Each structure stands twice: as structure tokens, then as C-alpha cells.
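Hello,

Here is the structure we talked about. Please open it and follow along with the notes below.

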Amino acid sequence: MTTDSAQLAALGDATRRTIFELIAERPRSVAEITRQVPVSQSAVSQHLKVLRDSRLVRAEPKGASNVYHIDPYGLGQMRAWLDRYWSKTLAAYRVVVEQPPKESQ
Amino acid sequence: MNTHAEVTRVKQSIVVEAPIARAFKVFTEEFGSFKTPEHNMLGVEIAETVFEPRVGGHIYDRGTDGSECRWARVLAYEPPHRVLLSWDISPQWQIETDPEKTSEWEVRFTAETPTRTRVEIEHRKLERHGGGWEGVRDGVAGDQGWPLYLQRYADLFTHAA
């Protein structure tokens, strides 16, 4: 729950979300990411730190720099998403199905 | 083997105070009335969600501008006990056109009493979504997957706020 909030907060920023999507497409270095967004490399690094702290991405050293990947912790998040999705759907379904049937409208 | 299956599926169930026939009818005919709003791949608001009640049919969303999004195929339709559907949504939150790369969700209806029904949903074969899922699960190549779902989820809060 705390993790969810941190992740949602981390994705609340538009630039950070763009960076996250770029990494989701394929692993990238800070320099590669910086070429794709209209902010400085140091700003990108700050965004990456937030994404890393909330376990959305992880860094792997490659030569002198890091390459950023989606954090494998993600599958648990995905399943959690579907769990919530179906749980909410069923709860909403119960409200509808338990209403008295409307025979004529 | 069990561990693998557990990792690649999600199960949910609920008991409702309704006869099985009504439980099935409401779930299928009125699906759009309780489907959660973040589930929308159209660029516009959903005007209606249609569940075509036959094998070979689809569930599709129709947008207020007339555009359509068919995101599930009806694989089994057995009133009032069971429906089986595909989940044609990729981990990148786009319509998946290759059926080999889609997961499936089964809804089972069981009468507990004449006026009470258990409804179970099992969303399985998640690994079939391919690179995204496998990569994320195994922590190896193909690092893409769930992020756009999460993003949609995040967007929901952003818009709601």
C-alpha cells in the first residue's frame, strides 16, 4: 500500500512518466533518455532517483554509466493491479445484481 | 508447477444475493454498468460497453465519438454457469491482435442456494502476453510490461484529483 502510493506519486509527474515509458520500451542510459526529453541530464538523474526509490526502475552498471531497466518487482505490481481490478469489478457487480430487478422501464 | 501457475494467474470470487440465472444475466447483459472506468483504451469517454452473448462475439467499448474498442473475445458462453473470454490487451495497454499473446478470464457461476450465487473469476495464462510478462517475471530481457497499466491507474487519480 505504501509502495503503491509511492509509485503513483512517482508517476504523477509528466516528465517522470515519459522517462518511465522510455525505459519501459527498452533499457536506456541517462544520456539516451536525456536526448528524448526537454530537460537537462541532471534533472533526468533526479527523476531516475525518484523512480528507483519507488522501485519502478532499477539501474545496472554498464561501463562508466548505468543502464536503466524496469524493476522485476513489477510483476507483483501487475498482478496486484489485476487483483484490484477484478475485486473492484466484482464489488460493483454485486451492487448492481442485488438491486431489485426492474421489470419495466 | 503450482508456483508457476500461481504467478501467472489471478483469482477473485464473490457471493451475491441473487438467483444464478439473474447473476449470469446481469454479469453479461449489464457488464458495462459495473466495469471500472479506468479500463478505457479509447481516447474519449465510453458511451456504452457491449457484451455480445455468443461464442465468437466480443466485448467492446463504444466511445462518445462512435469509435470502438474490441478488447475481449467470447470463447465460451454457457448460461447460466460459465463464460470464458480472452483479454486482448497487451502489457503496453494496446489491443493485442495476436491471439497467441492474449490471456484469458473465466467467470463461473455456482448456485449456493436458490437465491444466492457464488461468482468466481480466474484470469490466467498471463505469461502468454509474452516478452513483457516473461521479462518482468524473470528479471531478464524484454523489460517492458505492466507499466502502462500502472500509468493508467495513476492517471485515474490525477484526473480524479
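Arg28(A) has Tyr68(A), in E3(A), as its bridge partner. Keep in mind that this is a predicted model. Two bridges join E1(A) to strand E3 (residues 65-70) of chain A, and these strands run antiparallel.

Now step back to the whole sheet. It is open, has three strands in the order E1-E3-E2 (chain A), and its pairing is antiparallel. Strand E1 (28-29) and strand E2 (57-62) of chain A each have a single partner strand, so one side of each has no neighbour in the sheet.

Which strands does helix H2 (residues 14-25) of chain A touch? Helix H2 of chain A packs on the sheet and touches E1, E2 and E3 of chain A. Its direction makes about 85° with that of E3(A). Helix H4 (residues 41-53) of chain A lies across E2 and E3 of chain A. This helix runs at about 115° to E2(A).

Next, the cores. In soluble globular proteins, nonpolar side chains tend to be buried together. The largest nonpolar core here has 28 residues. Among those touching the most other members are Trp86(A), Val97(A) and Phe27(B). Elements from chain A and chain B each supply at least two residues, including helix H5 (74-97) of chain A and strand E1 (10-16) of chain B. H5(A) gives the most, with six residues.

Look at Trp86(A). Leaving out residues up to four places away in sequence, Trp86(A) touches Val10(B), Gln12(B), Ile121(B) and His123(B). A second, separate core has 12 residues, including Phe20(A) and Leu48(A).

Best wishes

Terms used
Residues are numbered from 1 along each chain as its sequence is written. Chains are lettered from A and ligands numbered from 1 in the order in which they are written. This is a predicted model: local features need pLDDT of at least 70, side-chain atom pairs count only at pLDDT 80 or more; totals for chains, interfaces and linings use all residues. A nonpolar core is a set of buried Ala, Val, Leu, Ile, Met, Phe, Trp, Tyr and Cys residues joined through C-beta atoms within 7 Å. A residue is buried if 20 or more other C-beta atoms lie within 10 Å of its own, exposed if 12 or fewer, and partly exposed in between; C-beta atoms are placed from the backbone. Helices (H or I, at least four residues) and strands (E, at least two) are DSSP runs, numbered from the N terminus. Two residues are in contact if their C-beta atoms, placed from the backbone, lie within 7 Å. Two strands pair if DSSP finds at least two bridges between them. Axes are lines fitted to C-alpha atoms, for helices over the stretch in contact, and angles run from 0 to 180 degrees between N-to-C directions.
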